[in-house]
Amino acid sequence: MNSLTIELHDGTKLNAGALRFARGNAMLPLREADLEAKFLDCTAGFEDFDAEDLYQQLARLRERRSVGTLGRVDAIA
């Protein structure tokens with residue numbers, strides 16, 4: 001089992017205690033809102049596509065006829 005301790009500049013130590021699974025692990029998955037926030041944060045700065053729209057399409061991937069149709073509105077089954 002791992003633990004996490006962070007020491008601040010002023011010497012204060014913050015101890016998170018024992019960490020059995022990292023957030024985002026299959027045993028401790030991210031909540032939907034956290035997953036979306038992480039995706040949008042990771043894609044921030046890319047102006048070539050609409051990250052929010054792409055996230056919504058990926059979230060509904062099982063509804064698509066093919067992954068080759070990503071980006072097409074008419075591809076939802």
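1. Among contacts (heavy atoms within 4.5 Å) in the protein chain between residues at least 6 apart in sequence, 2% join residues at least 24 apart. This is a predicted model, in which local features need pLDDT of at least 70 and side-chain atom pairs count only at pLDDT 80 or more, while totals for chains, interfaces and linings use all residues. Residues are numbered from 1 along each chain as its sequence is written, and side-chain values use heavy atoms, with hydrogens and water left out.

2. Along the sequence their pattern is β-β-α-α. Of the 77 residues in the protein chain, 10% are buried; buried means under 20% relative accessible area, exposed over 50%, and partly exposed in between (1.4 Å probe, protein chains only).

3. Lys13 belongs to strand E2. Its relative accessibility is 59%, so Lys13 counts as exposed. Apart from neighbours within four places in sequence, Lys13 contacts Thr5, Ile6 and Glu7.

4. The axes of H1 and helix H2 (residues 51-59) come within 10 Å and cross at roughly 135°. Axes here are lines fitted to C-alpha atoms, for helices over the stretch in contact, with angles from 0 to 180 degrees between N-to-C directions. H1 and H2 are therefore oblique to each other; angles under 35 degrees count as roughly parallel, over 145 as roughly antiparallel, 65 to 115 as roughly perpendicular and the rest as oblique. The crossing of H1 past H2 is right-handed, meaning that the near helix is turned clockwise from the far one by less than a right angle.

5. On the H1 side of this contact are Glu32, Leu35, Glu36, Phe39 and Leu40, which meet Ala51, Glu52, Leu54, Tyr55, Gln56, Leu58 and Ala59 in H2. By class, the contact of H1 with H2 has 8 nonpolar, 1 polar and 3 charged residues. Ala, Val, Leu, Ile, Met, Phe, Trp, Tyr, Cys and Pro count as nonpolar, Asp, Glu, Lys and Arg as charged, and the others, Gly among them, as polar.

6. Tyr55 lies in helix H2 and is buried, with a relative accessible area of 6%. Leaving out residues up to four places away in sequence, Tyr55 touches Glu32, Leu35, Glu36 and Phe39. The C-alpha atoms of Tyr55 and Ala37 are separated by 9.9 Å, and the two residues are 18 apart along the chain.

7. The structure holds 3 salt bridges, each a side-chain nitrogen of Lys or Arg within 4 Å of a carboxyl oxygen of Asp or Glu. One of them joins the side chains of Arg23 and Asp34 (3.6 Å, N to O). Arg23 lies in the loop between strand E2 (13-19) and helix H1 (32-42) and Asp34 in helix H1, so the pair ties together parts that are 11 residues apart in sequence. Arg23 is exposed, at 61% relative accessible area.

8. Asp34 also meets Arg31 in a salt bridge between their side chains (2.9 Å, N to O). Arg31 counts as exposed, at 60% relative accessibility.

9. Another salt bridge pairs the side chains of Glu63 and Arg60 (4.0 Å, N to O). Glu63 is partly exposed at 37% relative accessibility, and Arg60 is partly exposed at 34%. Through shared partners, salt bridges join Arg23, Arg31 and Asp34 into one network.

Conventions:
Helices (H or I, at least four residues) and strands (E, at least two) are DSSP runs, numbered from the N terminus.
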